[in-house]
Amino acid sequence: MAQVGKKRNPIKLFHHMAIDVSDMEKSIDFYRKLLGYKLTERHAASEVEAIPVELAFLRIHENHHDLVLSHTPGKKYRLPNQQDNIEGTTLHHHIAWECQDRDAWLEMLDRVNEMDLEIIRGPVVHSPYDPRGDGSWGENESFYVFDPDGHRLEIFCDMASIDDDGTFRSFEGNRIEEAKVIEI
Ligand SMILES: [Fe+2]
């Protein structure tokens, strides 16, 4: 594959996602309990003419919001059943949060168990290189749960970084010489 010239990407990082939820109270409570979000603002549907949906803006630290929940009045929400849980009912496959480090990730695993949430995948090491890996990609350690509407959430730590020459570097700082990006 031809290499595309390196040019500074004006995009910094994935910032937030707005997800449509069937029960605003339940979902605000869920994201507070699971991920420690705080409610910044909450607004009724049509409070602003162009916005006919209810909105809640949630934040982790100092950003006004990192996650938005919307609720559409009158919409018939289709909640997941077991089959849907396999195929997915939502318009995205999953949304992911990175933990500060592995201890923090283990803390999240405890929290999920305390909340009695089913872990739908993992814990798994996404790696074709690590002997603990399942052959998938990213070098990160992850587990997955559903939110009340069946949005698939990934909680992970220790994703690889990419050196300037395209070689993967593990979170421990070791270069994985056999692992190279397709495009530098
Ligand atoms: Fe992911």
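## The overall plan

The protein chain contains 3 helices and 11 strands. This is a predicted model, so read everything below as a description of that model. Starting at the N terminus, the elements follow one another as β-α-β-β-β-α-β-α-β-β-β-β-β-β.

Of the 184 residues in the protein chain, 16% are buried. Among contacts between residues at least 6 apart in sequence, 47% join residues at least 24 apart.

Let's begin with helix 1, which covers residues 24-35. Helix 1 has 12 residues, and the distance from its first C-alpha to its last is 16 Å, close to the 16 Å expected at 1.5 Å a residue.

Which residues of helix 1 are buried? They are Ser27, Phe30 and Tyr31. Looking down the axis of helix 1, you would find its buried residues within an arc of 90°, so they line one face of the helix. A general rule is handy here: an α-helix has 3.6 residues a turn, so residues three or four places apart point the same way. The buried residues of helix 1 pack against strand 3 and strand 4. On the other side of this helix, Glu25 and Asp29 are exposed. Just after helix 1 comes glycine 36, with a positive phi of about 75°.

The largest nonpolar core has 9 residues in all: Val21, Phe30, Tyr31, Tyr37, Ala56, Phe57, Leu58, Leu67 and Leu69. At least two residues of this core come from each of helix 1, strand 3 (54-59) and strand 4 (67-71). Which strand gives the most to this core? Strand 3 does, with 3 residues.

Setting aside residues up to four places away in sequence, leucine 69 touches Ile19, Val21, Met24, Ser27, Ile28, Ala56 and Leu58. There is also a second, separate core of 7 residues, which includes Trp105, Met108, Val145 and Leu153.

Now find the open sheet formed by 4 strands in the order 5-8-7-6, with mixed pairing. Which strands are at the edges? Strand 5 (95-98) and strand 6 (121-125) are the edge strands, and each pairs on one side only. On average, neighbouring strands of this sheet are turned by 20° against each other, direction ignored.

Strand 6 and strand 7 (residues 141-146) run antiparallel and are joined by 3 bridges. Valine 125 stands opposite glutamate 141 in strand 7. Helix 3 (residues 102-114) packs on the sheet, where it touches strand 6, strand 7 and strand 8 (152-157). The direction of helix 3 makes about 145° with that of strand 8.

Helix 3 also passes a simple length check: at 1.5 Å a residue, its 13 residues should span 18 Å, and its end C-alpha atoms are 18 Å apart, which agrees. After helix 3 comes aspartate 116, whose phi is positive, near 65°.

## Backbone details to look for

Most residues other than glycine have a negative phi, and most peptide bonds are trans. With that in mind, look at glutamate 139, which is not a glycine but has a positive phi of about 70°. Glutamate 139 sits in the loop between strand 6 and strand 7. Is glutamate 139 buried or exposed? Glutamate 139 has 22 other C-beta atoms within 10 Å, and the cut-off for buried is 20 or more, so this residue is buried.

Aspartate 158 has a positive phi too, near 60°. This aspartate lies in the loop between strand 8 and strand 9 (161-162). With 21 other C-beta atoms within 10 Å, aspartate 158 is buried. Another detail is the cis peptide bond between glycine 122 and proline 123, with omega at about -5°. Proline 123 lies in strand 6.

Finally, look in the loop between strand 4 and helix 2 (82-87), where you will find tyrosine 77. Tyrosine 77 has 13 other C-beta atoms within 10 Å, so it counts as partly exposed.

Which residues is tyrosine 77 in contact with, leaving aside its neighbours within four places in sequence? They are Ser22 and Asp149. Tyrosine 77 and aspartate 149 are 72 residues apart along the chain, and their C-alpha atoms are separated by 8.6 Å.

Terms used:
Residues are numbered from 1 along each chain as its sequence is written. This is a predicted model: local features need pLDDT of at least 70, side-chain atom pairs count only at pLDDT 80 or more; totals for chains, interfaces and linings use all residues. Two strands pair if DSSP finds at least two bridges between them. Axes are lines fitted to C-alpha atoms, for helices over the stretch in contact, and angles run from 0 to 180 degrees between N-to-C directions. Two residues are in contact if their C-beta atoms, placed from the backbone, lie within 7 Å. A nonpolar core is a set of buried Ala, Val, Leu, Ile, Met, Phe, Trp, Tyr and Cys residues joined through C-beta atoms within 7 Å. A residue is buried if 20 or more other C-beta atoms lie within 10 Å of its own, exposed if 12 or fewer, and partly exposed in between; C-beta atoms are placed from the backbone. The expected span of a helix is 1.5 Å times one less than its number of residues. The arc is that of the directions from the helix axis to the C-beta atoms.
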